[in-house]
Amino acid sequence: MLRALLLTLSVVAIAHAELCKPDAQNAFKVRISIKTALGDNAYAWDANEEYLFKAMVAFAMRRYSSKSTTQISNVLLCNVTDRVSFWFVVTDSSKNVTTVPGSEVEAAIRMNRNRINNAFLLSDKTLQFLKITSTLSPPVEPSTPVWLIVFGVVLCLIVAGIVFLIISGIRKHKKKNKESTERENLEEKVEVTLENGIPCEALDIKAGHVNGVFAADDERFTSL
Amino acid sequence: MEKSRPLWDNPLQFVFACISYAVGLGNVWRFPYLCQMYGGGGFLIPYLIMLIAEGMPLLYLELAVGQRMRQGSIGAWKIISPYLCGVGVASVVVSFFLSMYYNVINAWAFWYLFHSFQDPLPWATCPLNSNRTGYEEECEKTSSTQYFWYRQTLNISPSLEASGSVQWEQALCLTLAWLVVYLCILRGTASTGKVVYVTASLPYCVLIIYLIRGLTLHGAVNGLIYMFTPKLEQLSNPKTWISAATQIFFSLGLGFGSLIAFASYNEPTNNCQRHAIIVSLINSTTSIFASIVTFSIYGFKATFNYESCINKVILLLLNAFDLEEGSVTADNLNEMKDYLMATYPQEYAQLAPQIKNCSLEAELDTAVQGTGLAFIVYSEAIKNMEVPQLYSVLYFFMLLMLGIGSMLGNTAAILTPLTDSRAIASRFPKEVISGVVCFVNCIIGLIFTMEAGNYWFDIFNDYAATLSLLLIVLVETIAVCYIYGIRRFEKDLYTMIGCKPNWYWKTMWAFVSPLLIISLFIFYLTDYILTGTLQYQAWDATQGQLVTKDYPGYALAVIGLLVAASTMCIPLGALVTFIRKRLKRERISTVA
């Protein structure tokens with residue numbers, strides 16, 4: 001009796017070893033980077049964490065196929081390294097010593113990726129299922145692009161400024177025209193004398209001196 | 001009744017206008033590149049020598065001519081000698097070409113500014129591909145900042161021949177940029193004088209903020225040490241001196257007629273000698289200041305990339321050999337690599353092509369200039385800072401202020417001769433003339449918003465102004481010194497300022513500066529002739545990098561036209577005046 005039990009156990013163990021090994025059919029490699037994700041709050045990867053992992057995979061399989069036949073014992077882990085990385089397979093309890101097809105496992109994991117990540121406080125990048133590509137979340141896009149809104153605001157301000165300046169310029173021009181026609185009727189025109197293209201009053205601000213020889217002009221000519 | 005000329009409200013407006021015009025994008029994106037290429041801190045020696053030999057004298061010359069003649073470039077040179085009206089026309093033509101393509105930079109700055117109000121910044125991450133399993137292919141090959149610049153901003157085509165269509169987003173930004181310029185020049189000096197207070201001072205505020213932020217960034221010191229270590233052996237390289245001379249020349253904006261236009265609105269007794277020295281010194285100091293900021297940003301970016309590279313290698317090793325996390329760090333990386341190579345030679349050999357040799361010097365050595373520096377390198381550095389939106393807004397606002405300040409000078413160079421000429425000014429008010437100029441430039445500028453627009457931009461940037469300006473300034477200097485006469489010029493300056501220019505100014509005007517310009521001119525001509533076919537950098541989307549291509553025939557024709565259009569004005573102007581005088585003399589002789 002005992003011998004038969006030992007024999008079946010060893011057969012099961014060998015069968016399991018056959019099912020779960022690196023690059024086995026329907027096996028997936030998992031890579032976990034706890035220290036990168038959590039830094040000082042990192043937990044150690046031990047047998048309890050492995051148990052949680054098996055439970056999460058079983059949960060994912062149950063949710064996906066909606067039949068409650070997958071047990072935690074159906075999930076086999078092997079080749080755990082220090083990295084932390086390991087391989088796992090999901091066995092089919094109904095059919096003896098076979099593994100659930102990889103496509104089913106992949107679909108199940110993809111459907112429940114978020115839940116699995118959160119159970120370990122990790123993300124898609126730090127809990128990697130190699131060969132299972134994750135669906136990247138698209139960036140949030142508002143209905144109108146933000147830049148158009150800012151552009152519209154600036155454009156309105158600039159156009160308002162231009163219109164204001166033009167209108168005030170036209171108004172000033174009209175006022176000046178009215179004033180100059182009034183003034184022309186009353187006063188004489190004052191001409192600005194030019195010397196070599198430079199208005200005279202600009203020249204004698206600094207360097208011009210009154211030349212004494214010509215200043216006393218009225219004395220040179222004898223009065224009549 | 002003679003309308004008196006509009007004036008600046010006070011000399012400070014004039015100084016600010018000159019600073020705002022001279023301190024432009026070249027100080028931010030060209031000088032740091034030159035400093036890095038030609039000997040780091042040692043480049044300052046030829047730079048300062050050229051400033052004294054070429055920059056200050058030529059600046060003083062232009063300001064004095066403008067202030068004395070009180071006319072725009074065409075009128076001023078006509079007064080000096082009627083045969084030189086072609087020089088003024090050439091200046092206006094070059095300014096016109098410049099304003100056509102320069103405002104596109106402001107459009108790009110607006111685009112980036114408007115996109116800075118998002119979290120995360122749009123150039124921080126790559127967009128996803130169509131089935132959401134990974135990132136866009138083109139973005140994967142290059143970086144997200146380059147992708148944003150080449151694909152989402154420019155939507156660049158693979159070559160010059162494939163023109164593509166006008167990008168409506170860029171066209172909108174360009175229209176906005178021209179509206180802003182129109183708003184600033186609408187009233188002439190009355191409006192420009194107020195605007196330059198902002199455009200001249202705001203860039204300095206932002207540069208100071210960036211200096212403080214830049215120096216406190218992790219790894220900034222690496223950049224500063226690497227860049228400023230003088231490599232004095234570069235001083236024996238003639239290209240160093242030529243680049244210094246070229247940089248001083250183009251940085252001050254000589255020959256466009258803008259300085260003449262600005263100075264023509266001065267009081268005749270304004271001390272333009274003092275102002276010339278102040279403006280040129282401030283321009284050079286700003287260049288050096290901006291390069292300190294740029295080098296600290298470079299250092300930060302290079303350190304960040306170096307550390308990312310190291311982290312990638314560490315992750316690769318950890319994953320391949322299933323080592324414990326934290327066993328391989330940046331410090332023991334080399335020892336671990338040797339150990340792994342010895343213990344698992346086969347697997348390591350398989351992995352070897354993927355393991356990159358990360359080098360900080362290689363990252364620092366990537367010298368970039370022009371739009372690449374301003375829009376790619378800086379935005380890459382900004383996205384890694386804290387509160388990137390704030391720094392992004394500040395930075396692109398500063399670029400805008402610098403660009404608009406220079407645009408004000410360019411448009412002044414075009415508008416002043418137009419408003420001076422009685423034929424045009426009597427018929428149309430100032431607002432209409434400015435409006436027409438802005439409108440025409442905007443329509444032509446739509447070429448640069450097409451998919452191949454950036455290639456045309458590079459053509460204009462490299463060839464529209466370089467040779468023509470050298471020739472124009474050469475003719476200006478020779479005209480003032482030898483045709484007008486340096487003694488007559490001395491007397492004019494004495495009348496205006498009250499002191500005669502001393503031997504330094506006269507020697508520089510008469511001998512040193514013309515010789516320098518002639519040597520620069522000869523160098524550029526021989527360079528163009530020796531290189532044979534001209535080439536350009538085209539963006540290859542499949543590889544995700546720039547490739548070199550030859551210009552097609554019609555592009556070469558356009559380049560030739562650009563250079564000829566401005567340089568031919570000088571002899572043509574002299575010829576037309578000569579013919580006109582001949583005809584007048586014959587008419588008088590037949591009448592008499």
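This is a predicted model: local features need pLDDT of at least 70, side-chain atom pairs count only at pLDDT 80 or more; totals for chains, interfaces and linings use all residues.

In general, a disulfide is a covalent bond between the sulfur atoms of two cysteines. The torsion about the S-S bond of B:C126 and B:C139 is about -85 degrees, so this disulfide is left-handed. Look next at where the two ends sit: B:C126 is in the loop between helix 6 and helix 7 (137-141) of chain B, while B:C139 belongs to helix 7 itself, so the bond ties together parts that are 13 residues apart in sequence. B:C139 is buried as well, because its relative accessibility is 1%.

Over all chains, the structure holds two disulfides. The link of B:C309 and B:C358 is left-handed, with -80 degrees about the S-S bond. This pair connects distant parts of the chain: B:C309 is in helix 14 of chain B, and B:C358 is in the loop between helix 16 (345-351) and helix 17 (360-365), 49 residues away. B:C309 has 14% relative accessibility, so B:C309 counts as buried. If you count the bonded cysteines along chain B, the disulfides follow the pattern 1-2, 3-4.

Now for two further cysteines of chain B. B:C35 has a relative accessible area of 0%, so B:C35 is buried. B:C499, in contrast, counts as partly exposed because its relative accessibility is 34%. The closest cysteine sulfur to that of B:C499 is in B:C272, 9.3 Å away, which is too far for a bond.

One more cysteine, B:C184, leads us to a threonine. Leaving aside neighbours within four places in sequence, B:T192 is in contact with B:C184, B:I185 and B:L408. You will find B:T192 in helix 10 (residues 189-215) of chain B. With 7% relative accessibility, B:T192 counts as buried. A polar atom of the B:T192 side chain lies 2.8 Å from the backbone oxygen of B:G188.

Finally, let's step back to see how chain B meets chain A. Here 35 residues of chain B are in contact with 40 residues of chain A. The area buried between the two chains is about 3500 Å², and carbon and sulfur atoms give 67% of this area. There are two salt bridges between the chains. In one of them, A:K35 pairs with B:E324, and the closest N and O atoms are 3.5 Å apart. Eight residue pairs are in polar contact between chain B and chain A. On the chain B side, helix 6 (85-114), helix 9 (168-185), helix 14 (272-321) and helix 23 (466-497) each supply at least two residues. Helix 9 gives the most, with nine residues. By class, this side of chain B has 19 nonpolar, seven polar and nine charged residues.

Technical notes
Residues are numbered from 1 along each chain as its sequence is written. Chains are lettered from A and ligands numbered from 1 in the order in which they are written. Side-chain values use heavy atoms; hydrogens and water are left out. Contact means heavy atoms within 4.5 Å. Buried area is the accessible area (1.4 Å probe) that two parts lose on being put together, summed over both. A salt bridge is a side-chain nitrogen of Lys or Arg within 4 Å of a carboxyl oxygen of Asp or Glu. A polar contact is a pair of N or O atoms within 3.5 Å; within protein, one must be able to donate a hydrogen and the other to accept it, and residues adjacent in sequence count only if both atoms are side-chain atoms. Helices (H or I, at least four residues) and strands (E, at least two) are DSSP runs, numbered from the N terminus. Ala, Val, Leu, Ile, Met, Phe, Trp, Tyr, Cys and Pro count as nonpolar, Asp, Glu, Lys and Arg as charged, and the others, Gly among them, as polar. A disulfide is a pair of cysteine sulfur atoms within 2.5 Å. Buried means under 20% relative accessible area, exposed over 50%, partly exposed in between (1.4 Å probe, protein chains only).
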